[in-house]
Amino acid sequence: MQWLLHLLGLSIQQPFASVPVASPPLTAMPAEFALKSSPDILSPQDMLTLPRPGAPLPNPASDLALIPLSKYSFDDRKTHKSLAIAPIVAGSDPYDLPLPDGGDAFWLDARTIAHIVETGEDTDKKQQLFAIPVTVNKNEISVGESIPVGSFPVTTAADFRYAHSTGVLVFSAYVYADGDLKAVKENDEKYENRGNSALVYDKNFERHWDTWVGPKHKSLFTVPLYSVRGKFILGEDFTNVLKDTKLSSPVEPFGGTGDFDISNSQIIFTAKDPDLPETTHTKQNIYLVGFDGSKLVELTSGVHGATHAPTFNRQGNKVAWLQLDEDGHESDRAKVVIHDLAKAVSFTITQDWDRSPGSLAFSESGEFIYMLAEDIARAKIFTLPIPPTPSECTAHPKLTPPYNTPVALTDTHAASGLQVLSGGRLLFALSSLTSPNDAYVLGNLQLVEADIKKNASNPVKAELSQITKFSAASLQGKHLHPGEDFWFRGAEHNIHGWILTPPGYKSTDVKKWPVVLLIHGGPESCWADSWSTRWNPNVFANQGYVVVAINPTGSTSFGQALTEGIKEDWGGKPFVDLRNGWKYVLDKYPQIDADRAVAAGASYGGYAINWIQGNPEFGFGFKALVCHDGVFDTTYNGYATDELFFFNHEWGGRPWEERSFELSRKYSPAYTVSKWSTPELIIHGSKDYRLPESDGIAVWHALQQLGVPSRLVIFPDENHWVINAGNSLKWHYEVFKWFDEFIGENALVRERN
């Protein structure tokens with residue numbers, strides 16, 4: 001059987017014979033395989049047992065930060081949670097506060113932590129709030145005994161924000177249609193004892209992400225939380241500020257504290273438009289409401305898409321949010337809108353900036369806005385002075401320097417969790433290809449902003465300080481490649497990619513190293529200079545592969561034109577980019593053995609794997625493929641996915657409409673099966689409702705009937721991602737074992753013989 005042809009110096013896949021042949025039994029595969037592990041190698045197990053820090057949360061005095069930590073142990077197969085209490089100054093060691101029962105935490109005041117934890121059993125479960133006093137003596141931190149403060153009548157309270165000056169706690173929780181938090185327990189018992197397990201729906205969503213939708217929805221609540229003679233007390237009167245409004249916030253499935261903010265008396269929040277079907281629309285409106293649920297007002301108007309990251313300034317006279325223009329387009333460019341509360345005027349300030357921020361914060365003075373935005377495969381902090389409020393609402397104000405060009409305050413890696421400190425400082429988390437999150441501070445911002453206001457040609461640089469080093473000791477001596485940028489000409493744009501090389505790699509090597517092409521999902525996302533515990537390029541490199549990660553058409557952080565270029569062209573321009581990038585890498589890196597090439601991708605990346613499988617003329621020459629939660633039939637996906645707006649936008653209409661139907665069939669891997677020939681590993685989560693597991697099973701069935709070597713790995717308890725550490729280790733084992741079977745040492749021996 002002929003396996004390989006050559007075209008332009010690249011191998012080309014040939015289909016197996018069309019007569020169905022039984023696939024080899026799994027027991028015929030090489031039995032001996034072990035993941036590489038040594039003191040200088042970052043193994044999958046090493047990565048999975050590193051501390052996982054959350055975003056830092058400063059106290060009101062801006063001198064301490066709370067950082068939630070989780071750390072998995074394969075010894076007892078448990079995730080151990082704790083709170084790091086970190087002085088916001090370089091060179092200090094955080095205090096580690098174990099939280100054996102988990103829970104959320106926030107600051108009650110400069111030296112008191114609120115800890116919310118679930119207590120009780122079965123029907124007596126509830127959440128209880130404790131106060132934990134903190135003492136700092138010459139940079140030495142200690143904590144006192146936990147003091148009971150009060151309890152919540154539910155177990156779903158989350159997303160806590162505390163108004164210190166007025167003593168009001170704002171949080172989210174799930175409630176039934178009556179909106180009564182105290183009735184949830186009784187309603188739960190009635191629902192659970194209804195005598196059947198049927199779920200009945202008259203409208204979408206019926207299921208979302210990984211959950212079948214039940215009778216409860218999220219709402220925002222307020223409750224008094226105040227101090228009397230040094231003792232904190234949680235009130236018992238819970239106010240549902242969204243009761244009888246048809247509004248739900250935070251927005252499912254990923255919404256949290258980023259979906260609302262508070263002043264001393266009001267809440268600004270985003271919520272799905274209640275008059276539009278959720279599954280086919282992304283439109284979210286911005287609302288303002290009092291702590292007592294009064295004076296609800298919508299601040300947005302007209303036609304627009306999603307809104308995100310609403311925030312108050314400290315002066316309480318302006319708010320800001322991110323707004324997308326197109327309803328139904330979740331990856332439209334996000335623009336910064338400022339709303340002057342006193343003048344009731346909204347105006348857009350980044351209309352001409354070709355980047356898409358993800359979160360916002362006002363400066364301490366309220367004169368600048370800080371933004372986190374992807375830029376050239378990094379996530380940077382930008383700032384922009386806020387112009388004077390125009391006389392009327394406008395999306396196109398006439399802005400002149402310095403009000404029209406955001407200035408980058410960081411230039412590399414991936415920032416997240418932005419928090420404003422006193423004294424002209426910013427606190428945030430920063431990760432990279434070589435390190436998980438640590439807490440950092442940017443200082444000297446008053447001088448930076450003064451120069452920006454003066455239009456200085458070379459403004460003062462902010463001072464960056466590292467506050468924590470959670471993983472430094474564990475990563476000491478490990479091979480961690482920082483990633484090498486490369487650029488090449490794609491279908492319509494210059495395209496970016498990353499190269500990471502394995503331990504032992506030398507520039508003088510010739511045709512020595514196997515290579516893996518990683519294809520990202522989204523498709524509107526990017527391979528960035530950031531840490532990942534799911535698809536970590538350095539983990540792949542440490543298993544002995546040169547890693548190639550390309551950001552083709554559809555990727556974010558390189559301008560909206562590249563992002564939009566994939567619309568109605570899933571199987572077109574992105575694959576011109578991938579092919580051109582692959583040829584560029586093989587031409588420029590003679591160290592790579594092109595005869596030992598493999599590829600892997602998830603979601604859209606999984607679609608790409610299946611599309612490459614059915615288009616051998618692309619000439620990649622891969623000896624093995626890995627498809628994680630990928631698309632098999634694009635037309636079917638338009639019916640089966642949970643968020644229908646995604647397909648409708650990507651393919652130009654609903655799946656039965658003429659144009660989208662033609663396009664989805666044109667670019668559907670399902671209609672290329674007769675050309676499939678490359679060994680493929682298929683992985684899918686049974687709780688993946690974004691791309692249901694039937695897609696993965698269909699790929700598996702096709703390959704098995706064709707007689708193409710193939711393997712199916714199902715995780716019954718995972719969604720679109722593999723989250724459980726034990727499952728993740730198994731995922732890595734199966735992926736690298738699969739590669740090894742076709743390009744490893746045993747495969748080379750078989751080929752020689």
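Helices (H or I, at least four residues) and strands (E, at least two) are DSSP runs numbered from the N terminus. This is a predicted model, where local features need pLDDT of at least 70, side-chain atom pairs count only at pLDDT 80 or more, and totals for chains, interfaces and linings use all residues. Residues are numbered from 1 along each chain as its sequence is written, and side-chain values use heavy atoms, with hydrogens and water left out.

**Backbone features in loops**
- Another cis peptide bond joins Pro401 and Pro402, with omega about 5°; Pro402 belongs to the loop between strand E30 (378–385) and strand E31 (407–408).
- Ser62, in the loop between strands E4 (57–58) and E5 (64–73), is not a glycine, yet its phi is positive, near 60°.
- Ser62 is buried, at 6% relative accessible area (buried means under 20%, exposed over 50%, partly exposed in between, with a 1.4 Å probe and protein chains only).
- Ser603 also has a positive phi, of about 60°, and is found between strand E40 (592–602) and helix H8 (604–613); its relative accessibility of 15% counts as buried.

**Buried loop residues and their contacts**
- Ser43, in the loop between strand E2 (10–13) and helix H1 (44–48), is buried at 3% relative accessible area.
- Beyond its neighbours within four places in sequence, Ser43 is in contact (heavy atoms within 4.5 Å) with Lys36, Ser37 and Gln543.
- Phe470, between strand E35 (463–466) and helix H4 (472–475), is buried at 17%; leaving aside neighbours within four places, its contacts include Pro51, Ile67, Leu69 and Asn437.

**Nonpolar cores**
- The largest nonpolar core has 82 residues, and those with the most contacts inside it are Leu517, Phe540, Val548, Phe575, Trp582, Phe622 and Phe739.
- Helix H13 (residues 725–743) gives the largest share of this core, 8 residues.
- A second, separate core has 25 residues, among them Leu108, Tyr176, Val184 and Phe232.
- Such a core is a set of buried Ala, Val, Leu, Ile, Met, Phe, Trp, Tyr and Cys residues joined through side-chain atoms within 4.5 Å.

**Where H13 meets H14**
- Asp740, Glu741, Phe742 and Ile743 in H13 meet Glu745, Ala747, Leu748 and Arg750 in H14.
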